[in-house]
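This report looks at how the parts of one protein chain are arranged relative to one another. It begins with the contact between domains and then turns to a sheet and a helix pair.

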Amino acid sequence: MGYASLYPSVSSVTLNVMKILITGGAGFLGVGLAGEFLNSEQNQILTELVLADIAPLRDSVLAADKRVRSVTGDLRGLLKGDLLNGVDGIFHLAAAVSGECEADIDAGMRANLDTTRALLDACRALAKPPRLVFSSSLAVYGGEMPDVIADTTLPMPQNSYGAQKFICEQLIADYTRKGYVDGRSVRLPTVTVRPGKPNKAASGFMSGIIREPLAGVDAVCPVDPQTGVWVTSPRYAARGLIAAFETPPEKWGSRIAMNLPGLSVRVSEMLAALKNCAGEKAAARVRVEIDDTISRIVGGWPWRFDTARARALGLTGPAAMDDIVAEYRADYPQAVQAR
Ligand SMILES: NC(=O)c1ccc[n+]([C@@H]2O[C@H](COP(=O)([O-])OP(=O)(O)OC[C@H]3O[C@@H](n4cnc5c(N)ncnc54)[C@H](O)[C@@H]3O)[C@@H](O)[C@H]2O)c1
């Protein structure tokens, strides 16, 4: 299933897009976004896709694509060079994840806040303001919340990662108001199933409890299975970011951040989907061992959203957890053990 079958293009192409930069371009979503961007309508006017990351690009398909240039280094250092020369659009994904930010506030501030500010100031020095899409998160919400988060609900982050995302949204809003960038922030649900090794995100188990059993490996669920979570799949996340990029400023409006549609699901329903798709034996590989820190962070995130604004742009989320598991099996067949 390709993106074209998930959504029609949100708008007619509004930019004479030529050169695009993805920061964090060697990461999970950066690689997925790059692949989808190269296959989207935008590819007809794309001359160069730059993937900048402190980690090397390991995706051999992207590395072999003549339109892709991979640049390795810390973003703040790269910005002192020619990284932004001729750039028309930026997807700013480079970030430290929630667990890292909670464990080390300085590291989180450096990776998330200082890097974003350096990027915005480098954009400010450009002759033409680039369009910039920022990957924010549902972690901007927390504390006392309504049962259903609306587009108008005021974020009240309850962890460092969420606070840093919200501050960056505000910076992007102000730099947009000043005309230094044409910015928009997309608040992503937790994206699952992430391939490869576990990361330090508090939400990482939402991939682990599916990915590891599918590979024939045991997994730990660190939260009460009745916990509700807000999830989407990599393809829907990438498409949401591309749609934000495609939307002209007058259609995007003055509210800079948008909640992306997703799926409200209890962890127990995720485990049921694993059982549906891979059988009893795979499901039995998950054991519950409560981790208080992860439970507090994830339990403090909202899981029911009314995403009217995104839906008005034609965006949707996955219909069922079974579909998310099926997407992972289709995209990473080598990571799934035969039943
Ligand atoms: N995956 C999710 O569930 C999810 C949910 C909500 C928001 N987000 C956001 O989406 C973005 C991408 O997430 P992901 O899951 O792909 O994370 P990831 O960790 O796989 O990718 C992030 C990449 O950024 C790079 N990076 C970090 N600091 C850097 C720096 N100073 N200079 C250059 N590169 C740097 C890392 O090396 C990494 O490859 C992040 O901003 C994240 O906060 C992700």
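This is a predicted model: local features need pLDDT of at least 70, side-chain atom pairs count only at pLDDT 80 or more; totals for chains, interfaces and linings use all residues.

The domain assignment places 3–191 + 232–259 in domain 1, and 202–228 + 263–303 + 319–334 in domain 2. Taken over C-alpha atoms, the centres of domain 1 and domain 2 are separated by 26 Å.

## A three-stranded sheet

Strands S7, S9 and S11 form an open sheet with the order S7-S9-S11 and mixed pairing. Strand S7 (190–191) and strand S11 (263–266) are the edge strands, each of which pairs on one side only.

Strand S9, covering residues 228–232, runs antiparallel to S11 and is joined to S11 by 4 bridges. Valine 231 has leucine 263 in S11 as its bridge partner.

## Packing of H11 and H15

Helix H11 (residues 267–278) packs with helix H15 (residues 321–331) at an angle of about 55 degrees, and their axes are 9 Å apart. The two helices, H11 and H15, are therefore oblique to each other, and their crossing is right-handed.

Where they meet, H11 contributes Glu269, Met270, Ala273, Leu274, Asn276 and Cys277, while H15 contributes Met321, Asp322, Val325 and Ala326. By class, this contact of H11 with H15 has 7 nonpolar, 1 polar and 2 charged residues.

How values were computed. Residues are numbered from 1 along each chain as its sequence is written. Domain bounds come from an automatic or database domain assignment. Two strands pair if DSSP finds at least two bridges between them. Axes are lines fitted to C-alpha atoms, for helices over the stretch in contact, and angles run from 0 to 180 degrees between N-to-C directions. Angles under 35 degrees count as roughly parallel, over 145 as roughly antiparallel, 65 to 115 as roughly perpendicular and the rest as oblique. A crossing is left-handed if the near helix is turned anticlockwise from the far one by less than a right angle, and right-handed if clockwise. Two residues are in contact if their C-beta atoms, placed from the backbone, lie within 7 Å. Ala, Val, Leu, Ile, Met, Phe, Trp, Tyr, Cys and Pro count as nonpolar, Asp, Glu, Lys and Arg as charged, and the others, Gly among them, as polar.
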